[in-house]
Amino acid sequence: MQITFFNAKKYDQESFDEVNQDFGHELRFLEVPLDPHTAVLAQGAEAVCVFVNDTVSAEVLALLATAGVKLLALRCAGYNNVDLKAAAAHGIVVVRVPAYSPHAVAEHTLALILTLNRKTHRAYNRIREGNFALTGLLGFDLYGRTVGLVGLGKIGLITARILRGFGCRVLAYDVQPSAEAEALGVELTGLDQLYAESDIVSLHCPLTPETHHLINAEAIAKMKPGVMLINTSRGAIIDTKAVIKGLKSEKIKYLGLDVYEEEGDLFFEDLSNKVIQDEVFMRLLAFNNVLITGHQAFFTTDAMHNIAQITLQNISDFEQQKELVNAVEA
Ligand code: NAI
């Protein structure tokens, strides 16, 4: 099947070309993101393949349908950027990669926690400059601390398992019951209790209308003074302006982000020669207790291989009219 990829980077092309040797699809890689201006470039392709920050609005879907597109293959888990009702109305089937490596994201969550706590990023620079002073590098033992996970799905559960290995008390809030929580020694709680008792709050729920700005001024007010807040899920779960206030008042003592609500204009591109216009983002960068990575939690060789494998399998299943186990419906 002919597949047009939007927002394709060199690393996407490499992993998809390699895995496609077993599938034999016709792959066309475009560097431009999918949006109302670029949708027309899908002309001739039956499937388009997109990533987290591509715009798949009703307008774009109408253009894709006119171009002859029948399948939208997301090479990611989250689908908050897709208007699923419009896709259904245009007869465009949507598939995704529900899990490619929850370990990659959980392990990156720990990388953020440990870096913020033990300040290895600052130590690295200091040592290279011959500064061996310890002032400003004071951390705390993770052992015995309480970590609250919002969302106990695939990534939340693995994060919980790792944290239990560190000897943490792990609380979790999820809208679904969890069969695995008890065996892992995770205490299921309400959000208020989680906020009140957690030294670290880490977000692992999807972005939905219910979770949009879940972490707002009201939620921050319920948290422990000096809390560490980690978001590797989706940027808009956090009200960034409220979090900046929390950082200024020192209620939030550490912030680790792999996602940002306006990341679509920034992440995945080299902007080092440009002036960044986003003042909220620049304010975040001014805090020395804020650590930001650019949506790289998923980015391991294992995950990239799995993404290509599952995406191309989804597309072959569609082509061969097999059951679509990874279909997403409104
Ligand atoms: P999952 O679907 O396995 O788990 C999500 C959990 O959140 C479910 O248990 C669900 O019941 C729960 N949930 C839904 N609404 C909730 C609410 N209002 N409050 C609390 N919990 C709620 O998804 P998975 O694989 O664990 O991924 C979680 C999120 O991580 C994804 O939605 C995605 O946004 C993000 N992600 C980020 C990546 C990155 O590179 N930074 C890569 C992959 C996923």
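Let's start with helix 4 and helix 6. Their axes come within 8 Å and cross at roughly 50°. Axes here are lines fitted to C-alpha atoms, for helices over the stretch in contact, and angles run from 0 to 180 degrees between N-to-C directions. That angle makes helix 4 oblique to helix 6. The scale goes like this: under 35 degrees is roughly parallel, over 145 roughly antiparallel, 65 to 115 roughly perpendicular, and the rest oblique. The crossing is right-handed, a term used if the near helix is turned clockwise from the far one by less than a right angle, with anticlockwise being left-handed.

Before going on, a word on the model. It is predicted, so local features need pLDDT of at least 70 and side-chain atom pairs count only at pLDDT 80 or more, while totals for chains, interfaces and linings use all residues. Residues are numbered from 1 along each chain as its sequence is written. Helices (H or I, at least four residues) and strands (E, at least two) are DSSP runs, numbered from the N terminus.

Which residues of helix 4 and helix 6 meet? From helix 4, Pro102, His103, Val105, Ala106, Thr109 and Leu110. From helix 6, Lys154, Ile155, Ile158, Thr159 and Ile162. Contact means C-beta atoms, placed from the backbone, within 7 Å. By class, this contact has seven nonpolar, three polar and one charged residues. Nonpolar covers Ala, Val, Leu, Ile, Met, Phe, Trp, Tyr, Cys and Pro; charged covers Asp, Glu, Lys and Arg; the others, Gly among them, are polar.

Now the ligand. Helix 4 (102–118) and helix 6 (154–165) each supply at least two residues of the shell around it. Helix 6 gives the largest share, three residues. Of the 31 residues around the ligand, Gly151, Gly153, Ile155, Pro206 and Phe298 come nearest. A residue is near if its C-beta atom, placed from the backbone, lies within 6 Å. The shell divides into 15 nonpolar, eleven polar and five charged residues.

Next pair: helix 1 (residues 10–20) and helix 12 (residues 301–319). They pack at an angle of about 55°, with their axes 9 Å apart. Helix 1 and helix 12 are therefore oblique to each other. Helix 1 passes helix 12 in a right-handed crossing. Among the residues in contact are Tyr11 and Phe16 of helix 1, and Met304 and Leu312 of helix 12. The classes are six nonpolar, four polar and no charged residues.

How values were computed:
Contact = placed C-beta atoms within 7 Å.
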